[in-house]
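Here is a short report on a protein model.

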Amino acid sequence: MKSAKGIENLAFVPSSPDILRRLSASPSQVEVSALSSDPQRENSQPQELQKPQEPQKSLEPSLPSAPPNVSEEKLRSLSLSDFEEGPYGWRNFHPQCLQRCNTPGGFLLHYCLLAVTQGIVVNGLVNISISTIEKRYEMKSSLTGLISSSYDISFCLLSLFVSFFGERGHKPRWLAFAAFMIGLGALVFSLPQFFSGEYKLGSLFEDTCVTTRNSTSCTSSTSSLSNYLYVFILGQLLLGAGGTPLYTLGTAFLDDSVPTHKSSLYIGTGYAMSILGPAIGYVLGGQLLTIYVDVAMGESTDITEDDPRWLGAWWIGFLLSWIFAWSLIIPFSCFPKHLPGTAEIQAGKTSQAHQSNSNADAKFGKSIKDFPAALKNLMKNAVFMCLVLSTSSEALITTGFATFLPKFIENQFGLTSSFAATLGGAVLIPGAALGQILGGFLVSKFKMTCKNTMKFALFTSGVALTLSFVFIYAKCGNEPFAGVSESYNGTGELGNLIAPCNANCNCLRSYYYPVCGDGIQYFSPCFAGCSNSVAHRKPKVYYNCSCIERKTETTSTAKTFGFEAKAGKCETHCAKLPIFLCIFFIVIIFTFMAGTPITVSILRCVNHRQRSLALGIQFMVLRLLGTIPGPIIFGFTIDSTCILWDINDCGIKGACRIYDNIKMAHMLVAISVTCKVITMFFNGFAIFLYKPPPSATDVSFHKENAVVTNVLAEQDLNKIVKEG
């Protein structure tokens, strides 16, 4: 126990030869510090060891007797340096007013701020800026997909090494490094805006039926602007390097600094803030995209956001994130290696590590030579590997839905892409954050053991599995689409957008701008045969449409309020959207309620000295098997339900325009149920394999040089007695 004067419990002094020499100088004092926390163990010692303890009436442990040339103050400072439970500050600057930050709550606050910043950039601003970057720098979607995956690639490459070597290092300073890299990555990502010159507007595309449209040639020219791809990839790689210490070492530091029953609440809060970051990023990025892209150059334009040539100021959010991330470097670097009271907290913890033949050696982590052995040690922990595979399966469906839920809502319920994205975010973000916090709170509230925590995660996954069948209920049939599911007033063929009514309009399949007329949806105003439009009305309206059956006569003047078609999709007759959103919100809550308990179970089922490396392995496997292939698998599955593809001027198939809604719903249910079953299988198998350690096993508290437990201190005492 750490006293008010800062004297440390000597049961946790590193067991180095030098320390043993100091201990042997006064066996009675060692006996007091090592055994005072266990009266029964104290009574079991030989009488010759108990007699010197009688004068110790104070609860405060005494310092070991020292040689005459070593002062008491030096021993105190040496003890503090061993534990490095110092004050908050930098070098000799330790203002009393800042010591309020030197607590688990103070660290959690800074951790949450950095997690929010990382979420804003990586999962918010990058995603919402991708389409703008494609247009501005003339990139294909495959190239921008490489930009998105660069973060995960960097994370996978670095997670094992950072978590392995950072476990013995100064974790808060590693997080200061993370803040630096996140800020640097955001800055680098915004640099193309300042070196690519002014954005040049092209000519406005005529979307109506024009018999004299110039024919477009099939040319594949590459622009020099696409070379900025490598700058964007570099920015993402730097962001990945910053995210690695945040979610491995930062989580382990939180677990170090609080009692076992509070750990889940702190970790759940931190993870919830990382989920809140993307929501802020989407809102912030959406607002910034309403500002013209070259506003920093003092440029203005007469076009509005409705013009397809409009590009927003995607880069401003990255600069703001850069400044905010770097503002956290100094606060993190001021934290000590361990928060005050960490040794006392560790002394009160009981090991729950899975008992197997893969017990960790205390020397792991001192050199690169130990790295393969440490990896092998964790790989042999069957419970740990089952939990890792469980989280990977869960990550596959969560990232898949995070990517494609707006597309599902848009197609099933006939909404605009922007409104569908808003609804998807309104369900995913609050549900995920609430689930993380609620899961951590319940584990903390009921002080669940490792096995009970895994059982709780299994229960929440089972509830989410049952509710996943909501997709079958929410399926809605496709609305009539001319040339796909509906003919052009009895003319034309299904599967062909060209009919006699629009054959002379020279319409382009590469320009998708849906309009609705007489309850039927058309690919574009041109394919509807519309020759005139009224641009100032919202939504934009079209008239004199040769493919739409006229029920009233319209004039060719813009003063008329009659029209035959309006921009946008036809209103759907499916009224299941509110119920679907409510049930899916509950699915998200129960899905993420298992997130924090599984993380806590991983921290508990492995050796205390290998927690950071365990998290590194978890996040690496989670990305390799979950977050990276998840969107790909979902994308291929959804594409398999396509019934109308976009074809460019070169005859190359592009994006899908119309999906089979019923087939899409069934396919998503199949993916969800399959992944949930895999998740529950590995979770249940981990529960079956888990073997808790003998009761009252102390947790090893690692130091820079070695690891000592109360049991080890007792062994040192026995050695001293024999030598005496």
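## Cavities

A cavity is found on a 1 Å grid over the protein atoms alone: it is a set of points where a 1.4 Å probe fits but cannot get out. Grid points are joined across faces, edges and corners, and a volume is the space filled by probe spheres set on the points. Rolling a probe the size of a water molecule over the atoms shows where empty space is left. This is a predicted model, in which local features need pLDDT of at least 70, side-chain atom pairs count only at pLDDT 80 or more, and totals for chains, interfaces and linings use all residues. Residues are numbered from 1 along each chain as its sequence is written, and side-chain values use heavy atoms, with hydrogens and water left out.

How many cavities of 30 Å³ or more does the structure hold? There are six.

## The lining of the largest cavity

Lining residues have an atom within 4 Å of a cavity point. The largest cavity has 22 of them. Asn411, Asn478, Glu479, Gln521 and Asn661 lie nearest its centre. The lining divides into nine nonpolar, nine polar and four charged residues. Here Ala, Val, Leu, Ile, Met, Phe, Trp, Tyr, Cys and Pro count as nonpolar, Asp, Glu, Lys and Arg as charged, and the others, Gly among them, as polar.

Which elements supply the lining? Helices (H or I, at least four residues) and strands (E, at least two) are DSSP runs, numbered from the N terminus. α16 (382-413) and β7 (653-659) each give at least two lining residues. The largest share comes from α16, with four residues. Two domains also contribute at least three residues each: domain 2 (366-479 + 572-692) and domain 3 (485-550 + 561-569). The domain bounds come from an automatic or database domain assignment.

## Disulfides

A disulfide is a pair of cysteine sulfur atoms within 2.5 Å. The structure holds five. One of them joins Cys501 to Cys547, with 2.0 Å from S to S. These two cysteines are 46 residues apart and link distant parts of the chain. Cys501 sits in the loop between α19 (470-474) and β1 (515-517), while Cys547 sits in the loop between β4 (541-545) and β5 (565-567). The torsion about their S-S bond is about 100 degrees, so this disulfide is right-handed.

Are these two cysteines buried or exposed? Buried means under 20% relative accessible area, exposed over 50%, and partly exposed in between (1.4 Å probe, protein chains only). Cys501 has 21% relative accessibility, so Cys501 counts as partly exposed. Cys547 is buried because its relative accessible area is 1%.

Cys516 is in strand β1, and Cys570 is in the loop between β5 and α20 (577-593), 54 residues apart. The torsion about the S-S bond is 105 degrees, and the link is right-handed. Both cysteines are buried. Cys530 and Cys545 are also bonded, their sulfur atoms 1.9 Å apart. Cys530 lies in strand β3 (residues 530-534) and Cys545 in strand β4, 15 residues apart. Their torsion is about 100 degrees, so this disulfide is right-handed. Cys530 and Cys545 are both buried.

Cys450 is buried, with a relative accessible area of 2%.

## The nonpolar core

A nonpolar core is a set of buried Ala, Val, Leu, Ile, Met, Phe, Trp, Tyr and Cys residues joined through side-chain atoms within 4.5 Å. The largest one has 96 residues. Those with the most contacts inside it are Phe107, Tyr111, Phe232, Trp314, Phe384 and Leu613. Helix α6 (residues 104-136) gives the most to this core, 15 residues. Domain 1 (85-196 + 226-349) and domain 2 each give at least three. In soluble globular proteins, nonpolar side chains tend to be buried together.

## Far in sequence

Leu328 lies in the loop between α12 (316-326) and α13 (329-333). Leu328 is buried, with 4% relative accessible area. Leu328 and His110 are 218 residues apart along the chain, yet their C-alpha atoms are separated by 7.4 Å.

Ser154 is in helix α7 (residues 141-166). Ser154 is buried, also with a relative accessible area of 4%. Ser154 and Leu234 are 80 residues apart in sequence and 9.8 Å apart in space, C-alpha to C-alpha.

Terms used
On a 1 Å grid over the protein atoms alone, a cavity is a set of points where a 1.4 Å probe fits but cannot get out, and a pocket is an open set with protein on both sides within 12 Å along at least five of seven lines; lining residues have an atom within 4 Å of a point.
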